[in-house]
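Dear colleague,

Please find below the structure that I am handing over to you.

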Amino acid sequence: MLNLPELPYAYDSLAPYMSKETLEFHHDKHHNTYVVNANKIIEDNNINYDNLESLVKNSHSSNQGLFNNAAQHWNHIEFWQWMKPNGGGNIPSELESKIVEDFGSFDKFRADFIAAGATQFGSGWCWLVKGADGKLSVTKTPNGENPIVHGQKALLGCDVWEHSYYIDYRNARPKYLEAFIDNLVNWERVAELFGS
Ligand code: MN3
């Protein structure tokens, strides 16, 4: 059974950058629906799996309905942890050096990440990933697709489905992405993933 985790902070603690109303809909309704749908498919088809990551990987080529819901479950578990109250700023130094090494500057990374999210046509995600060669890059994926199925490690991801920003930013997706990078990112979590 897949379970919906609690948010790691209070629903009103990311305001004004992400409102209580957005988190209530996004976590309690949208994320929960992925969990309910995935569990139903797993139960109806007697699917066995070791862990969520292998479920995502194995369903990618074999069961689109299960993949969509399991991948979105994984994406959202990570997404909640990639934010924190009073986020942004202060990047742990080892990670900051690597970002500067691979992008040229933090500002270049920031611009690339925002551009990736802004230009993802329709629903999807933008990511900071570590490739098999250890190099960091920015990517974007449609719908529930994520770095797991591309053999990359996701260090940071931002949900650009409209349900993630429409209550707070209406159609201004780039404003949401700027607020995410500047005021919401939990860089300690990103550094933890980078080091692991
Ligand atoms: Mn979402």
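The model is predicted, so to speak of local features a pLDDT of at least 70 is needed, side-chain atom pairs count only at pLDDT 80 or more, and totals for chains, interfaces and linings use all residues. Residues are numbered from 1 along each chain as its sequence is written, and side-chain values use heavy atoms, with hydrogens and water left out.

Helix packing

Two packed helices are described by the angle between their axes and the distance between the axes. Helices here are DSSP runs (H or I, at least four residues), numbered from the N terminus. Axes are lines fitted to C-alpha atoms over the stretch in contact, and angles run from 0 to 180 degrees between N-to-C directions.

Helix 2 (residues 52–59) and helix 3 (residues 64–81) cross at roughly 145 degrees, and their axes come within 8 Å. This crossing is left-handed (the near helix is turned anticlockwise from the far one by less than a right angle; clockwise would be right-handed). Helix 2 contributes Leu52, Glu53, Leu55, Val56 and Ser59 to the contact, while helix 3 contributes Gln64, Leu66, Phe67, Ala70, Ala71, His73, Trp74 and Ile77. Contact means heavy atoms within 4.5 Å. By class, there are 9 nonpolar, 3 polar and 1 charged residues in the contact of helix 2 with helix 3 (Ala, Val, Leu, Ile, Met, Phe, Trp, Tyr, Cys and Pro count as nonpolar, Asp, Glu, Lys and Arg as charged, and the others, Gly among them, as polar).

For helix 5 (residues 106–119) and helix 7 (residues 173–184), the axes are 9 Å apart and the angle is about 140 degrees. That makes helix 5 oblique to helix 7 (under 35 degrees is roughly parallel, over 145 roughly antiparallel, 65 to 115 roughly perpendicular, and the rest oblique). The crossing of helix 5 and helix 7 is right-handed. Their contact has 9 nonpolar, 1 polar and 4 charged residues.

Two residues

Serine 59, found in helix 2, is buried, with a relative accessible area of 3% (buried is under 20%, exposed over 50%, partly exposed in between, with a 1.4 Å probe and protein chains only). Apart from neighbours within four places in sequence, serine 59 is in contact with Gln64, Leu66 and Phe67.

Leucine 14 lies in the segment before helix 1 (20–44) and is buried, with a relative accessible area of 1%. Leucine 14 and lysine 84 are 70 residues apart in sequence, yet 6.9 Å apart in space, C-alpha to C-alpha.

With kind regards

Definitions and conventions: Helix = DSSP H or I, 4+ residues; strand = E, 2+ residues; numbered from the N terminus.
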